[in-house]
Amino acid sequence: MEDNNLFSEQPPHAGFDAAAVVKDLLSRPAGSVKWRSTRRCLVELIMEAAEERVLTDGHGRAASCHNLCDRVFRSVGLPPPRYPRTIVFRIRNRVRCQPPLEDRVREAL
């Protein structure tokens, strides 16, 4: 995903839409996107998108974090984590100062 079209369409002060980024990643073929940041950041992005509850699974229900992790990690060609909620819980309790998720995702794509 070399072009940053998701971010260029929005004004700089617009809110960050994690679900839109995840939806874009899911629409791409497996292994076609190069993720250049940490797996931690990708799990955080997926968790935030799952918490918005706007993405669905194949049955019309809100997609779970575990389901989204499996699908997104497959899109970027990485093995998915076993327990994504545990990872995010540990991240949020361990990391104190970090750039906003929007900035980290922009750098990773």
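The legends below describe close-up views of a predicted model. Residues carry numbers that start from 1 along each chain as its sequence is written, and side-chain values rest on heavy atoms, with hydrogens and water left out. Because the model is predicted, local features need pLDDT of at least 70 and side-chain atom pairs count only at pLDDT 80 or more, whereas totals for chains, interfaces and linings use all residues.

**View 1. Helix 2 packed against helix 3.**
Helix 2 covers residues 18-27 and helix 3 covers residues 39-52; helices here are DSSP runs (H or I, at least four residues), numbered from the N terminus. Their axes lie 8 Å apart and meet at an angle of about 110°, where an axis is a line fitted to C-alpha atoms over the stretch in contact and angles run from 0 to 180 degrees between N-to-C directions. The two helices, helix 2 and helix 3, are therefore roughly perpendicular to each other (angles under 35 degrees count as roughly parallel, over 145 as roughly antiparallel, 65 to 115 as roughly perpendicular and the rest as oblique). The crossing of helix 2 with helix 3 is left-handed, a term used if the near helix is turned anticlockwise from the far one by less than a right angle, with clockwise giving right-handed. On the side of helix 2, the residues that meet helix 3 are Ala18, Ala19, Val21, Val22 and Leu25, and their partners in helix 3 are Leu42, Leu45, Ile46, Glu48, Ala49 and Glu52, contact being heavy atoms within 4.5 Å. Sorted by class, this contact of helix 2 with helix 3 holds 9 nonpolar, no polar and 2 charged residues (Ala, Val, Leu, Ile, Met, Phe, Trp, Tyr, Cys and Pro count as nonpolar, Asp, Glu, Lys and Arg as charged, and the others, Gly among them, as polar).

**View 2. Helix 3 packed against helix 5.**
Helix 5 spans residues 84-94, and its axis comes within 10 Å of the axis of helix 3, the two crossing at roughly 110°. That angle makes helix 3 roughly perpendicular to helix 5. Arg40, Val43, Glu44, Met47 and Glu51 in helix 3 face contacts in helix 5 that are made by Pro84, Arg85, Ile87, Val88, Ile91, Arg92 and Arg94. The contact of helix 3 with helix 5 divides into 6 nonpolar, no polar and 6 charged residues.

**View 3. Helix 2 packed against helix 4.**
Helix 2 and helix 4 pack with their axes 8 Å apart, at an angle of about 60°, and this makes helix 2 oblique to helix 4. Helix 2 passes helix 4 in a crossing that is left-handed. Val22, Leu25 and Leu26 of helix 2 make the contact with Leu68, Arg71, Val72 and Ser75 of helix 4. By class, the contact of helix 2 with helix 4 has 5 nonpolar, 1 polar and 1 charged residues.

Leu26 has its place in helix 2 and counts as partly exposed, at 22% relative accessibility (buried means under 20% relative accessible area, exposed over 50% and partly exposed in between, with a 1.4 Å probe and protein chains only). Leaving aside neighbours within four places in sequence, Leu26 is in contact with Leu68, Arg71, Val72 and Ser75. Although Leu26 and Leu68 are 42 residues apart in sequence, they are 8.6 Å apart in space, C-alpha to C-alpha.

**View 4. The buried side of helix 4.**
In helix 4, residues 65-75, the buried residues are Cys65, Leu68, Cys69, Val72, Phe73 and Ser75. They cover an arc of only 145° around the axis, which puts them on the same side of helix 4; the arc is that of the directions from the helix axis to the C-beta atoms. Among the elements that cover these buried residues are helix 2, helix 3 and helix 5. After helix 4 comes Gly77, whose phi is positive, near 75°.

**View 5. Arg104 in helix 6.**
Arg104 belongs to helix 6 and counts as buried, at 9% relative accessibility. Not counting residues up to four places away in sequence, Arg104 touches Ser37, Arg40, Cys41, Glu44, Gln98 and Pro99.
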